[in-house]
Amino acid sequence: MSTAHPAASSARVAVVTGAGLAVPGLTLPDELLGTVREGGFDPATGLVGRDLRHKDRASRLALRATAPALRAAGLFDGDRYTGSGDTTAVVVSTNVGILENVCSFADTIARDTVLGLSPLGLPQTSSNVIAGSVAMAHGLRGPNVTLCNGPTSGLDALYWARALIVTGRADTAVVIGVEPAGDIVTKLLGTPALDGAVALVLESADRATERGAEIRATVAGCAREADLAGAVARAGGLTPDLWLTEAADDPAGPPAGSVLDPAAGLGAASGALGVLQAAAAVAHLDTHGGHTVLATCGGPEGDGVAAVFLTGPDHTP
């Protein structure tokens with residue numbers, strides 16, 4: 001099955017106004033492109049605090065990425081969300097976000113029966129606990145969606161966030177990609193996970209302009225197809241100045257000015273990969289406003305390929 005939201009001239013255009021990270025060793029999205037800074041996010045100290053009590057690791061990571069993204073978009077004053085909660089959606093992508101929680105509960109039941117379970121931890125076995133935690137923390141009462149969709153999940157989350165905005169279901173969408181680390185996750189994936197989160201703030205262009213927000217990128221086209229060439233063509237077939245991918249050696253790849261894997265060396269990004277790529281794209285477009293960036297996830301080993309085109313604020317179609 002294929003899906004697409006290609007580039008269009010509709011008045012409802014989805015733009016990016018904020019990006020934030022909670023990735024070990026990183027502070028700002030431009031570090032995904034090679035910028036080096038001292039310090040960076042440290043889970044040992046960054047995942048503590050009264051606001052994170054009784055929350056699972058994935059939710060804590062998501063909350064720590066969401067706050068700087070909202071702040072960058074001018075929608076968080078340090079204490080509360082300043083946008084319209086009723087028209088703000090939350091879309092989360094994660095493939096193994098609750099795996100450790102579910103396995104822990106299964107072990108407890110096997111050892112102590114259901115009498116050993118704590119009611120405080122039960123919500124952490126729901127895949128939607130992450131999106132729910134973010135929504136409750138910031139008073140976001142719009143559509144609330146979680147995707148666990150394999151390698152394409154992160155870009156699929158952008159697809160659905162854009163769809164919510166273009167169709168008028170939401171004016172703003174917080175898109176989060178998160179994958180926590182853990183022994184069980186490592187065993188499943190065969191390699192350590194990202195143990196981090198990345199968040200983007202998408203808005204309708206009209207809404208962003210109305211409140212005087214800086215538009216950092218436009219989500220120009222999204223698609224999911226059986227192969228790379230089909231996904232790129234269906235997403236709009238633009239010529240990218242930068243291609244963000246794990247499949248740089250794919251002969252079906254489009255000609256691009258440069259190719260980069262922003263997740264290299266960070267651990268298995270899985271469901272967070274597409275959102276992480278989009279954050280890197282935004283960082284690139286901050287300094288190359290006329291460029292076009294293509295992000296792609298998935299491949300022949302999965303059940304499809306997702307492609308998203310993002311263009312800078314100075315881009316000329």
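## Salt bridges across the chain

Arg216 and Asp286 form a salt bridge, with their closest N and O atoms 2.7 Å apart; the term means a side-chain nitrogen of Lys or Arg within 4 Å of a carboxyl oxygen of Asp or Glu. This pair ties together distant parts of the chain, since Arg216 sits in the loop between helix H7 (205-210) and strand E7 (217-225) while Asp286 belongs to helix H9, 70 residues apart. Helices (H or I, at least four residues) and strands (E, at least two) are DSSP runs, numbered from the N terminus. Arg216 is buried at 12% relative accessible area, whereas Asp286 is partly exposed at 39%. Here buried means under 20% relative accessible area, exposed over 50%, and partly exposed in between (1.4 Å probe, protein chains only).

Please keep in mind that this is a predicted model: local features need pLDDT of at least 70, side-chain atom pairs count only at pLDDT 80 or more, and totals for chains, interfaces and linings use all residues. Residues are numbered from 1 along each chain as its sequence is written, and side-chain values use heavy atoms, with hydrogens and water left out.

A search of the whole structure finds 13 salt bridges. Another one joins the side chains of Arg224 and Asp303, at 2.8 Å from N to O. This pair also links distant parts of the chain: Arg224 is in strand E7 and Asp303 in the loop between E10 and strand E11 (304-311), 79 residues apart. Arg224 is buried, at 12% relative accessible area, while Asp303 is exposed, at 57%.

Glu31 is buried with a relative accessible area of 9%, and Arg37 counts as partly exposed at 33%.

## A pocket to look at

Which residues lie nearest the centre of the second largest pocket? They are Ala247, Cys297, Gly298, Gly299 and Glu301, out of 21 lining residues. Strand E10 (residues 292-299) gives the most to this lining, with four residues. By class, the lining has twelve nonpolar, five polar and four charged residues; Ala, Val, Leu, Ile, Met, Phe, Trp, Tyr, Cys and Pro count as nonpolar, Asp, Glu, Lys and Arg as charged, and the others, Gly among them, as polar.

The volume of the second largest pocket is about 340 Å³, which is the space filled by probe spheres set on grid points joined across faces, edges and corners. On a 1 Å grid over the protein atoms alone, using a 1.4 Å probe, a pocket is an open set of points with protein on both sides within 12 Å along at least five of seven lines, and lining residues have an atom within 4 Å of a point.

His54 lies in the loop between H1 and helix H2 (57-72) and is exposed, with 54% relative accessible area. Ser270 is found in the loop between strand E9 (258-260) and helix H9 (273-287) and is partly exposed, at 22%.

Gly40 belongs to the loop between strand E2 (14-22) and helix H1 (43-46). Gly40 is partly exposed, at 33% relative accessible area.
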